[in-house]
Structure formats: C-alpha cells, structure tokens
Number of protein chains: 2
Amino acid sequence: MARPKEFDPEIAVDQAMEVFWRKGYAATTPQDLVDALGIGKGSLYNAFGSKQALFLRALRRYRDSQTEALIEVLEQPGPVKQRLRGALTALAEMDLADPDHRGCLAVNTTAERAGVDQEAAEVLRRMLDRTEEAFQALAAEGQRAGEIDPGRDPAALGSMLMNTVVGMRLVARIAQGPDRLTRVIDATVDSL
Amino acid sequence: MARPKEFDPEIAVDQAMEVFWRKGYAATTPQDLVDALGIGKGSLYNAFGSKQALFLRALRRYRDSQTEALIEVLEQPGPVKQRLRGALTALAEMDLADPDHRGCLAVNTTAERAGVDQEAAEVLRRMLDRTEEAFQALAAEGQRAGEIDPGRDPAALGSMLMNTVVGMRLVARIAQGPDRLTRVIDATVDSL
DNA sequence: CCAGTTCTTTAACTCAAGGTACAGAATTTC
DNA sequence: GAAATTCTGTACCTTGAGTTAAAGAACTGG
C-alpha cells in the first residue's frame, strides 16, 4: 500500500490520554502531545486530524477501560455491601494516592467540555448510563440476597450510587486526607 | 485624592463571574472580560491585576453567595426530609433550567483549576466544609426530631449529602432530562 | 488653579496555540 | 524498478492570549 506508520496509534492514544488527564483539554497544547508521544507534528495531525479528534479517541478509551474495571470489581464474590464498600474504597484510595490528583478524566471533561463538545457529552452520558446499570444490578442482587430492603427502587439506588462515585472523584481532587471520603463511604454503605 | 473609577468593581466582579461560569477559566479571554464588563483593558488590569486575581475574586463571591443561599433554604421550617428534598429539587431544577447548562462554578473550577491553582483549591475546600456543616446540622436536627435514625453519624451524613450535591451538579451538566437527578434525589431522601 | 494622584484609552509587544504546506523517505504493487 | 500511496520532519503562517507602556483626563486638597 504505502509507507507504514513508525508509531502505534493505539499506544499514542493512551499516551495522549495521560496528558489530557493531567492537564485538561484546553491546557494541553499540540506541543505537549508531540513531546509526550515522541512523534512529529506532521505525524500527529496526519494520524488524528485535530486535537479535538485525538481527545475524543482518548476519552472513549478511558471510558471503556474505566467502566470495565468498575464492573469487574463489582462482580467479585462476597456480600453486596462489602463489595460496594470495597469498590468505593478502592476508587478513593486510587484518587488520593495519585500524586497529581488528576481525579477522573470523565468527571473533569464533563466540567470542562460538556457544554461545548457535544460528541464528548455523548461519550460521557453513555458512561453514566453504564455505571448506573452496574450499580443497579448490584442493588438488585443485594435485594435478592436479602441484604437490601426489597421495597426500594433498584434503579434509583443505581443512580444514587453512580452519583456518589461522581461526587467522590471530584471531591478527591481537593481532599487533603481520606477523612472526608471515608465519611461519604460510611454513610453511603449504611444507607442501603 | 484622585480620579474616581468610572465603573463599580463589585459589579464588575459579578459580571466577570458570569463569564467565567459560562466559559470556564482557560476559555475566558481578557477580551471576553473587557466586552462583558464594558471597560477598557487598561482599566481591567489596573483594577484587578491579572486574569487569575479577578477569577479568584469572582470565585470567592460565588462561594459566599451560594453557601448562604443553600443554608437559607435548609433552614426553612418544616420536616427535615421535606426540606432536604426541597433543597435538592431546587438545585436540580435550577441547573436543568439554565439554558447554558453551566452547572456549578465551584464544581467546574474544582475540575479545571484545583490542580494548578492552590488559592482556588483553598476557596473550594472552605466551601465543601461549610456545605458539610450545613447538612450535618440538618441531619442532627432530623435526629432530634425523630425523623432520622439517631444511631447514624451526623458528620458522615453531612459529608454524604455534600457529596450528593457535588455529584448532582456535575451530572446536571450532561443530563438531558430530570429523570436521572430525580432518581438520585428519591434514593437519597429514602436513605435517611 | 496647581500638585499629586489615580483613572482611562490606545497602542504595542511577546509568545505560543493550532494547524498547514511541502519536500523527501519508506513501502507495496505491477 | 517505476508508480502510487502514505508517512515523517521542518518550516512556516495566522490569530489571538495576556499583559504592559505611555500619554492624557479627572478628581481632591491646599
């Protein structure tokens, strides 16, 4: 056909994701990307078209990997409440341990880009949907197992837990210690 | 002493707040501010020093007015759960009714600036504190009134409700209808 | 009404964002 | 091996961000 690429676009998207995650969309310059990916500007624009297009690919990648990871954690064996607490605690610890305090790319993007980038908003909406579904399934399982009051609406519980995660990942960006998030987790698990 | 300002700096801060709120920090240019405030660039920089300094003033203003408003709503008479539902519903309706879907300036700023602007982070932390306190007071009142299980930790409940609000205001930015937020509110109120 | 001060206006300056153009290099197909 | 295609690297371009400078205007105290 023609000359093959000297870099792997999939790896490049991963690297771009890291940059966007750390700096945000607007604060990331083409030069930042070129530096991080180790390729020339020509290759960058030839391969991805625009900063925004590359960002969208990175965001989709992020969404898929994160959603998958969450579902996996929630599907581990054991009592439902324990699994929920484990998942929330793992998230909190991850965010607090990150030296850059980047939080969640999806959350950050919702705040920075949802108003102006409809495609990004769509990606994010889909992520909220999937997260809600995962928590709803967990809640329903808890009800079947007798751990959660069967009179409650599992869909509402799913939305609530999704919302809790969103809040926590934002709060984690300015939290100075684990206390605030620990209280959130405690009260949330006790609410079921 | 000297020539008086031809504009009111307090009003200017309010107008700047609107611009930052709608566009975000990075996407707001000095020109945007000059246009919105109706003053010259010279006056702008003479009065406020820098874009960042003006932003901080606007953010503090936002925090104070919002925190005050929330406390006021929560202190209305009536059953605690009803007041909580009323406050959450009012927030959701406000955010959804906003044609620009700007969400909450504080939430947006946490995502966009907390990592790089320590002063802003401090302002935001203070806002979380105050919000937590307000909800904690509400929870304690609910316990005294017999509406809420006295065995639960009011501080944890305060943190949870604060976190719920943060999450909701973020989710509101991409919500397409009231359903998701309504479910969050229902499940949250039912959790007490 | 002059001095001293603080405001406004206009112009300018530097730097970089975000992207394009183009020449040349690498590959496959025939 | 030439043609066709696609990649890479460098250079370049336009626009505007964020700020500063300079000169004059408006005000108060004496």
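This is a predicted model: local features need pLDDT of at least 70, side-chain atom pairs count only at pLDDT 80 or more; totals for chains, interfaces and linings use all residues.
I looked up one of them: B:R183 pairs with A:E132, and their closest N and O atoms lie 3.1 Å apart. I then turned to polar contacts between chain B and chain A, with both residues at pLDDT 80 or more, and noted 20 residue pairs.

**Elements on the chain B side.** I asked which helices of chain B supply at least two residues each to the side that touches chain A. They are α6 (105–113), α7 (118–144), α8 (154–171) and α9 (179–190). I recorded that α8(B) gives the largest share of that side, 13 residues. By class, I listed 19 nonpolar, ten polar and eight charged residues on the side of chain B that touches chain A.

**Extent of the interface.** I found 37 residues of chain B in contact with 37 residues of chain A. The two chains bury about 3400 Å² between them, and 63% of this area is on carbon and sulfur atoms. I noted that B:N163, B:I174 and B:R180 account for 20% of the area chain B buries against chain A, more than any other three residues.

**Symmetry.** I asked what rotation superposes chain B on chain A. The rotation is 180 degrees, with 0.0 Å of shift along its axis and an RMSD of 0.1 Å. I therefore describe the two copies as related as by a two-fold rotation axis. In chain B, the C-alpha of B:G167 is the one nearest the axis, at 1.9 Å. I also checked the surfaces used: 100% of the interface residues of chain B are interface residues in chain A as well, so the copies meet through the same surface.

Methods: Residues are numbered from 1 along each chain as its sequence is written. Chains are lettered from A and ligands numbered from 1 in the order in which they are written. Side-chain values use heavy atoms; hydrogens and water are left out. Copies are superposed by least squares on the C-alpha atoms of residues with pLDDT of at least 70 in both. Contact means heavy atoms within 4.5 Å. Buried area is the accessible area (1.4 Å probe) that two parts lose on being put together, summed over both. A salt bridge is a side-chain nitrogen of Lys or Arg within 4 Å of a carboxyl oxygen of Asp or Glu. A polar contact is a pair of N or O atoms within 3.5 Å; within protein, one must be able to donate a hydrogen and the other to accept it, and residues adjacent in sequence count only if both atoms are side-chain atoms. Helices (H or I, at least four residues) and strands (E, at least two) are DSSP runs, numbered from the N terminus. Ala, Val, Leu, Ile, Met, Phe, Trp, Tyr, Cys and Pro count as nonpolar, Asp, Glu, Lys and Arg as charged, and the others, Gly among them, as polar.
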